[in-house]
2 protein chains.
Amino acid sequence: MCQDVGNHHKGSCRCAGMQMGRFMQPCLLLLLHRQSTHGYELMQNLEEFGFASSEIDPGTIYRHLRKMEEEGLVRSRWDTEQGGPAKRLYEITAEGEEILHAWAVTITFNKQRLERFLEKYQSQFQKTIKK
Amino acid sequence: MCQDVGNHHKGSCRCAGMQMGRFMQPCLLLLLHRQSTHGYELMQNLEEFGFASSEIDPGTIYRHLRKMEEEGLVRSRWDTEQGGPAKRLYEITAEGEEILHAWAVTITFNKQRLERFLEKYQSQFQKTIKK
DNA sequence: CCCCCATATATGTAAAATGCCTATATAGAA
DNA sequence: TTCTATATAGGCATTTTACATATATGGGGG
């Protein structure tokens, strides 16, 4: 998937794939670049990226965050100062920002892919419908 | 993923997900709607949809085709008349065409998602870069 | 004739991702 | 007290993915 741009490729490439599941990662990174915050709030803010509340599973969000932390894209610390259950505050790392830029390239490429598909689809079916 | 349009939803929904792997399916269906043919040729024609030859794995193509046949989206028969190894000729079914239309809706939706992301990305980083 | 190559289809398998469910804890409101 | 919202986390069955390998046909070169 990883459009062979740059030097990161299939298999182990972290911006590889274009599952909408993985698409959650760049969204989280973009939100964190905007402002450091915790998982629960990120979860709510994901809706602005077109994620339906039904498809936002807390388990999935937290797993993405922990995984990104393992990979060094984000960093976290506990915040117990504000009452209520403890929050794990996340912030993006320099490496995370780098990957975010790589994602932007991948996403641009994939957007074009979808556009190309839709063009072909439309021209193929307008013909059929006319006849 | 399955944008909650219409009545097909998560989990068992066949147009769910937006992995580029799954994106191969609507591409195959569109090619087959254009012309019935066999897997090996489909594999080569996938390049026009932006699949790099490196990421086109024969095993994956054939498995997609068999899976779509199980689901009733395509139908196949052996062609041994033309010399060389036997070919499995595929054609799209009525149900397959239906699903192709559903895919077009999903893909339109996801394209918009990617666009929205890129807009946000650009506006966020133009600011940062300026400063 | 034999070997290599392009054509053509298919399976095995380990690793990763996904969806869905459940567990845990805090604290305010009813 | 009980219910609800906030907040994080783990279990687990199924699906997907990447990659490697197996099998067969037939043409061309040596």
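A residue is called buried here when its relative accessible area is under 20% and exposed when it is over 50%, with partly exposed in between, using a 1.4 Å probe and the protein chains only. By that definition, His38(B) is buried, since its relative accessible area is 14%. The structure is a predicted model, in which local features need pLDDT of at least 70 and side-chain atom pairs count only at pLDDT 80 or more, while totals for chains, interfaces and linings use all residues. Residues are numbered from 1 along each chain as its sequence is written, chains are lettered from A and ligands numbered from 1 in the order in which they are written, and side-chain values use heavy atoms, with hydrogens and water left out.

Chain A contains four helices and three strands, where helices (H or I, at least four residues) and strands (E, at least two) are DSSP runs numbered from the N terminus. Along the sequence, these elements of chain A follow the pattern α-β-α-α-β-β-α. Of the 131 residues in chain A, 47% are buried. Among contacts (heavy atoms within 4.5 Å) in chain A between residues at least 6 apart in sequence, 49% join residues at least 24 apart.

Helix 3 of chain A spans residues 58–70. Its 13 residues reach 18 Å from the first C-alpha to the last, close to the 18 Å expected at 1.5 Å a residue; the expected span is 1.5 Å times one less than the number of residues. Within helix 3 of chain A, the residues Ile61(A), His64(A), Leu65(A) and Met68(A) are buried. Seen down the helix axis, the buried residues of helix 3 of chain A fall within an arc of 95 degrees, so they line one face of the helix; the arc is that of the directions from the helix axis to the C-beta atoms. An α-helix has 3.6 residues a turn, so residues three or four places apart point the same way. The cover over the buried residues of helix 3 of chain A includes helix 1 (20–34), helix 2 (39–45), strand 2 (74–79) and strand 3 (87–92) of chain A. On the face turned away from the buried side, helix 3 of chain A carries the exposed residues Arg63(A) and Glu70(A). Just after this helix, Gly72(A) takes a positive phi of about 80 degrees.

The account now turns to the DNA. DNA strand D has 22 residues around it, and Tyr40(A), Arg66(A), Lys87(A), Arg88(A) and Arg22(B) come nearest; a residue is near a strand if one of its heavy atoms lies within 4 Å of it. Of the atoms of DNA strand D within 4 Å of the protein, 72% belong to sugar or phosphate and the rest to bases. Polar contacts are pairs of N or O atoms within 3.5 Å; within protein, one must be able to donate a hydrogen and the other to accept it, and residues adjacent in sequence count only if both atoms are side-chain atoms. Helix 3 of chain A gives the largest share of the surface near DNA strand D, five residues.

DNA strand C is likewise surrounded by 22 residues, the closest being Arg22(A), Tyr40(B), Arg63(B), Lys87(B) and Arg88(B). Sugar and phosphate account for 66% of the atoms of DNA strand C that come within 4 Å of the protein. Phosphate oxygens of DNA strand C lie 2.9 Å from a polar side-chain atom of Tyr62(B) and 3.0 Å from a polar side-chain atom of Lys87(B). Helix 3 of chain B gives the most to the surface near DNA strand C, with five residues.

Chain B also holds His38(B), the residue named at the outset, which is found in strand 1 (residues 37–38). Not counting residues up to four places away in sequence, His38(B) touches Lys87(B), Arg88(B) and Leu89(B). Helix 1 of chain B is mostly covered, with twelve of its 15 residues buried; among them are Phe23(B), Met24(B) and Leu28(B).
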